[in-house]
Amino acid sequence: MSSITSAELNYLVFRYLHESGFTHSAFSLGYEAGINKCPIDGNMVPPGALITFVQKGLQFVEMEANLSNSDTDVDDDFSFLQPLDLITKDVHQLRQMIREKKRNLQKEKDKESDKEHELVRARVREKERLERQERQERQERQEKQERQERQEIQERQERQERQERQEKEKEREKEKEREKDKDRLEKDKEREKQHDDQIDTEMTTDQEDVVTVKHDENGVSGGPEPMDISTSSTFQACEIPSSDVTILEGHTSEVCACAWSPAGSLLASGSGDSTARIWTIADGTCRSSVQNGPSNVLVLKHVKGRTNEKSKDVTTLDWNGDGTLLATGSYDGQARIWSTNGELRSTLSKHKGPIFSLKWNRKGDYLLTGSCDKTAIVWDVKTEEWKQQFEFHAGPTLDVDWRNNVSFATSSTDNMIYVCKIGENRPIKTFSGHQGEVNCVKWDPTGQLLASCSDDITAKIWSMKQEKYLHDLREHAKEIYTIRWSPTGPGTNNPNQPLVLASASFDSTVKLWDVEQGKLLCSLNGHRDPVYSVAFSPNGEYLASGSLDRSMHIWSLKERKIVKTYTGNGGIFEVCWNKEGDKIAACFANNTVCVLDFRM
């Protein structure tokens, strides 16, 4: 607290003596103290200032006594006051000033405390973000490990199946030898009988009757044999001859995706060897051959130098509408756009996890990608920049499909389906109803109906006009991996044929559904292992299906039976028709792509 000087005190006493009428005393004090040299402005000192000052002193003592009963430090309180305040203000005003200044001081302390708390909260949020990121990375590593384990199990199964087939082949060879031995024995018996006939002519008729009877009996007992031969010959008639097959070799790991260019005879394939390839397929009938030379293939490398780098696996690919550009999605989270001459045009980087699906819109100005990072991104192809990122799912995005040029559907492991639109910050439609991961979503040719399939063993059909599904399709016995709409009905090149939905399942069957009634039309039971892919022919009359049992069947939808079949040397991941409908491509787990000529 400020102190009073001797000059100030002398002036107060001088004024007191002068105001009280002690003129002589005031003169003496003024002369001796040099009051006339004092810098104090007398106009600033009110009358009776000394009395007021003494009273303030008494009040201070009183306040000190009162305040000492509390925990408050009196010196701290009076540090808020100036000498002029003590002279010019009463006790109530001084207390009010002290309280006000204390409140202001407390506010400052509170602000400092809030800042510290905010820093603590920021550190906590950053820690939570790092923990979430670590959990996501751990989950991705676990998913990758599970995929590798599934692949190892699949390879073991394939080796076991190969051994079983070899054993069956050996058994068939032994059976053929036994049949030959049986034939030789019968011929020997026949010769013996002819010898007996020559010896005894009287018994010729009887012997002939016996032979006839025995022959008839043998014919009856051997009844199944012609049936087996008949069945085998029928199967062989269905089998696509090797002369109608071209095997494309060059990939060094499993081939998981393939797609024909809509513009011509180019076939694209994507593999776990960190490459995609563009194959030039000659027009006309296939000739039995194995093609692996550089003359008919362009290699699109997703990593410099060594291939088979797992972080660069090509997981998905798609041609634009006019067949001039190929887009590929990779396990490194990047989408790439290539020209038909193999030139890398664009690398699109924003995803933080593997890309599982990607699609061009019909106009060809936007590319849509879905990723394990739970998001979908629309890319502006012309500017090579992302236009909008959609972050709605709580789990990895498994599939995406355009409804029109500006809206699309996404599905995820979180069991949800969202319909999104460019420029909108929230989904324009939410479809919930699945109880398991939604593996695939596909719009019908008109964009009015959306089909979905899930690990919950159901497929569902949705309409933009209502929240709940239109139909719940529940005839499969295991998870449904994929679905496809037929290229028939309104808005297609085959408007007079009814619209049909096909579903492929791990229960080894393909099922066809009546879309209007939501009922099963038929079940195509020809595979022995999970069916990974189905594709309708462009005219809608045939359906191709590919399975882990290494076989591809072509079904006549009119006759509802297999009309052609081909068996390769590995599980089949995808099948697709060319635009003319006279060739089918299939990609295999044994690193090959096969092109099959289809003629009926």
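Okay, housekeeping before we start. Because the model is predicted, local features need pLDDT of at least 70 and side-chain atom pairs count only at pLDDT 80 or more, while totals for chains, interfaces and linings use all residues. Residues are numbered from 1 along each chain as its sequence is written, and side-chain values use heavy atoms, with hydrogens and water left out.

Let's take salt bridges to begin with. I'm calling it a salt bridge when a side-chain nitrogen of Lys or Arg sits within 4 Å of a carboxyl oxygen of Asp or Glu. How many salt bridges does a search of the whole structure find? The count is 17.

One of them joins R15 and E19, at 3.2 Å from N to O. These two are four residues apart in helix α1 (residues 6-20), so about one helical turn separates them. Helices here are DSSP runs of H or I with at least four residues, strands are runs of E with at least two, and both are numbered from the N terminus. Now, buried or exposed? For that I use relative accessible area: under 20% is buried, over 50% is exposed, and in between is partly exposed, with a 1.4 Å probe and protein chains only. R15 comes out buried because its value is 17%, whereas E19 is partly exposed at 39%.

In helix α6 (residues 91-199) we get another pair, R103 and E100, with their closest N and O atoms 2.4 Å apart. They are three residues apart in α6, so again the separation is about one helical turn. Both are partly exposed: R103 has 41% and E100 has 35%.

Then there's K561 with E559, at 3.4 Å between the closest N and O. K561 is partly exposed at 44%, and E559 is too, at 49%. And if you like networks, look at K359, D399, D401 and K442, which are linked by salt bridges.

On to the patches. To be in a patch, a residue needs over 30% relative accessible area and no salt bridge; like charges are joined within 9 Å, and nonpolar side chains (Val, Leu, Ile, Met, Phe, Trp, Tyr) within 5 Å. E146, E149, E152 and E155 make a negative patch. E155 lies in α6 and is partly exposed at 34%. R156, R159, R162, R165, K168 and R528 form a positive patch. R165 is also in α6, partly exposed at 32%. Y16, F22 and I51 give us a nonpolar patch of about 270 Å²; I51 belongs to helix α3 (residues 49-67) and is partly exposed at 41%.

Last stop, strand β32 (residues 583-588). Six of its six residues are buried. That covers both faces, with K583, A585 and C587 on one side and I584, A586 and F588 on the other.

Which strands does β32 pair with? Strands pair here if DSSP finds at least two bridges between them. Strand β31 (residues 572-577) pairs with β32 in the antiparallel sense over five bridges, with W577 opposite I584. Their hairpin has five residues between the strands, and G581 has a positive phi near 80°. Strand β33 (residues 593-597) also pairs antiparallel with β32, over five bridges, and there V595 is the bridge partner of A585. That hairpin has four residues between the strands, with N591 in the turn at a positive phi of about 80°.

That's it from me.

Methods. Areas by Shrake-Rupley, 256 points an atom, 1.4 Å probe, with all protein chains shown as cover. Lys, Arg positive; Asp, Glu negative; His and termini not counted. Charge placed at Lys NZ, Arg CZ, Asp CG, Glu CD.
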